[in-house]
Amino acid sequence: MMAGLLLISAASGYWVLERASREKGTLKAVGQWVGAIIIFVSLTGVFCGVYTIAKNRGWCPLPGKMGACPFMGTPDAPPAPKR
């Protein structure tokens with residue numbers, strides 16, 4: 001439910017960008033910044049929600065190499081070499 005609202009918010013940010021592109025001067029710049037911020041925050045919220053669900057359920061929607069979750073790693077994976 002929350003992801004749906006955040007995606008609607010991202011679409012609203014895109015609408016703000018579209019409206020701002022028709023303006024001139026400072027209003028155009030402010031509108032573009034506001035639209036970009038709305039989109040960024042909304043998509044970050046969706047990503048965080050998906051990550052939280054994946055972490056709590058023990059699965060990952062984006063498998064990495066050989067089924068390893070790029071966000072959580074695998075418990076049996078060897079530690080990364082130090083440089």
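## Burial and exposed surface

Of the chain's 83 residues, 12% count as buried (under 20% relative accessible area, with a 1.4 Å probe and protein chains only). The model is predicted: local features need pLDDT of at least 70, side-chain atom pairs count only at pLDDT 80 or more, and totals for chains, interfaces and linings use all residues. Numbering runs from 1 along each chain as its sequence is written, and side-chain values use heavy atoms, without hydrogens and water.

The chain exposes about 6,800 Å² (Shrake-Rupley method, 1.4 Å probe). Carbon and sulfur atoms supply 68% of that area.

## Fold and contacts

The chain has 2 helices and 0 strands (DSSP runs: helices are H or I, at least four residues; strands are E, at least two). Take the contacts (heavy atoms within 4.5 Å) with a separation of 6 or more: 31% of them join residues 24 or more positions apart.

## Helix H1

H1 covers residues 2-21, 20 residues in total. From first C-alpha to last it reaches 29 Å, close to the 28 Å expected at 1.5 Å a residue (1.5 Å times one less than the number of residues).

Ala 10, Gly 13 and Ala 20 are buried in H1. Seen down the helix axis, the buried residues fall within an arc of 80°, so they line one face of H1 (the arc uses directions from the axis to the C-beta atoms). Helix H2 (25-57) is among what covers them. On the other side of H1, Ile 8 and Trp 15 are exposed (over 50% relative accessible area).

## Cys 48

Cys 48 lies in helix H2. Why does Cys 48 count as partly exposed? Its relative accessibility is 40%, and partly exposed means between the buried limit of 20% and the exposed limit of 50%. The C-alpha atoms of Cys 48 and Ala 3 are separated by 9.7 Å, with the two residues 45 apart along the chain.
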